[in-house]
Structure formats: structure tokens, C-alpha cells
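Dear colleague,

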Amino acid sequence: MPITVHQFPCLSDNYGFLVRDEASGQVATIDTPDAEAILAELGRLGWTLDLILNTHWHPDHAGGNETLKAATGATIVGPREVTRIAPLDRALEDGDTVMLGQTRFEVLDTGGHTLGHISYHDAADGIAFVGDTLFALGCGRLFEGTAEQMWASLSRLASLPDQTTVYCAHEYTASNARFALSVDDAPTLKARADAIFAARERGEPTVPTTIAAEKATNPFLRAPLLRPDAASAAEAFAEIRAAKDTFKG
Ligand code: ZN
Ligand code: FE
């Protein structure tokens, strides 16, 4: 296998991801939610950190940059907005490429949760790290961007191949499922929600997901179907997003 992804819980509901390019042995972390936890996992695995890939500037994603850089000397890349709180060696933009050994990550602009949020797509391995843009049965809140911007970002992720493995940055799925069931009565959603509640009862993660699963059941991607009278797809998305923001479930 050309790439190994090691996923572990961080902070209260974040996931840490350590990625190893098997050809070169080079290792990256996707975001830096908790420097001490990431260093502990690196030590346990016997891996050496080479690269930090940030998705956006929020402290639960870039807050460990400085400590990890000091401890490992890793190179930090990410959107320019990260410099609001943390050091950055290279600012990335849409269409840029980041190499981890022989593994190639394409940078996708997925702004909306924050204005500069980016995702990393490894097309050869069918893997995407999407930060706080797309969640299992959910999507990130619109802290900085517009509904139009977020809809464009989600549509872009939805256009990736169906079998793409999607690593989201938080375990929000059970709560997302409760909201999804309140706006969508599709049997496929009901079945997935039941499986999610059972997995969480057993303490199992519901991340990663796939593009196919999200297209079939994520109420934000299904917004135009769920709100057929909306003036546009982005408007339908805005309505579902607003409903989630006030949902008490
Ligand atoms: Zn965030
Ligand atoms: Fe986050």
C-alpha cells in the first residue's frame, strides 16, 4: 500500500491523522489539534514527522504547529490564514501540489467554514482530508464564508470519485444523524443512522466516510432534493444549514 493513514482521537472530538508514504517513509500530520498527543502517537509508531498539512487556521487545527515544529523541525504548509495564529513555511492555494515522498496531494479550495479553508486530495490512493468542510452526515458551520461559497466547496468534494475515502476532522456523526433524520426520511439515511448510533454505542469511530455514502445520505449534499422549492441549490443548502444551526436534538 503506497500510503498508510493512522487515525486517533484528539481533544474532545477531533481526530488526528498521521500519514506515511510507504515508498519513502516520509510522515505528515493533517492539522495539529494537540501537539503532545501527536508526538506521543509518533513515538508509539516509531515515525518521524516531516510535514504538517493545515486545513484552516482554527486552534484545534493549527494550534500545535509551533510545538511540533520545535520538536521535529517539520515543514508546515497550509492556507495563508494559518499565520493568524501559527507559523507557516509555505502558503498554499487552490491547484497547488504538495508531495510527501511519492504521494501527491492536490490542494482544493474548500472555503466557507473559514474563508481560506483547503482540503488535500490524494487522487492516486483515493483519499481526501477535508478538515471542517464536509463531515459524515454534516458540514462545517459558516463562521466566515457565505452559503454560496460553502455550497461550491461541498459540490467540489461531491464531484470527487464515489469510492474516495473521506477523512473529516471531527466525530460529530451521531449528532449530525439526529439532525439529518429531522429533515430527511429516506430509508437509506435511516439505515445509516442506525448503524452510526450502534457504532458510537460500541465506542467505534464513524470516520472515515466515502463520497458515495455522503452523496446518498448527507442532508447538506442532498439539500436541492430536500428543498425543491428553493430559488437555487445554494439557497436550498442555506436553508438546511440554517435549520441545523438552530436544531435542538
Ligand atoms: Zn474549524
Ligand atoms: Fe475543527
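What follows describes the two metal sites and then one histidine.

Please keep in mind that this is a predicted model. The zinc ion (ligand 1) is coordinated at 2.2 to 2.3 Å by H56 (NE2), H58 (ND1), H113 (NE2) and D132 (OD), and because the angles subtended by these 4 donor atoms run from 87 to 174 degrees, the arrangement is irregular. Since H58 sits in the loop between β4 (49-53) and α2 (59-62), while H113 sits in the loop between β8 (103-109) and β9, the pair ties together parts that are 55 residues apart in sequence. Both H58 and H113 are buried.

The iron ion (ligand 2) has D60 (OD), H61 (NE2), D132 (OD) and H170 (NE2) as its donors, at 2.0 to 2.3 Å, and its site is likewise irregular, with angles of 85 to 168 degrees among the 4 donor atoms. The two ions lie 3.2 Å apart, and D132 coordinates both of them. Here D60 belongs to helix α2 and H170 to the loop between β13 (165-168) and α5 (173-183), so this pair ties together parts that are 110 residues apart in sequence. D60 and H170 are buried as well.

Finally, H121 is found in strand β9, which covers residues 118-122, and with a relative accessible area of 8% H121 is buried. Apart from neighbours within four places in sequence, H121 is in contact with several residues, including R104, F105, E106, L160 and T164.

How values were computed. Residues numbered from 1 in each chain as written. Chains lettered and ligands numbered in written order. Predicted model: local features only at pLDDT ≥ 70, side-chain atom pairs only at ≥ 80, totals over all residues. Heavy atoms only, no water. Helix = DSSP H or I, 4+ residues; strand = E, 2+ residues; numbered from the N terminus. Buried < 20%, exposed > 50% of the residue type's maximum accessible area, 1.4 Å probe, protein only. Contact = heavy atoms within 4.5 Å. Donors = N, O, S within 2.8 Å, 3.2 Å for Na, K, Ca; no water. Tetrahedral: all angles 85-135°; square planar, octahedral: opposite > 155°, others 65-115°.
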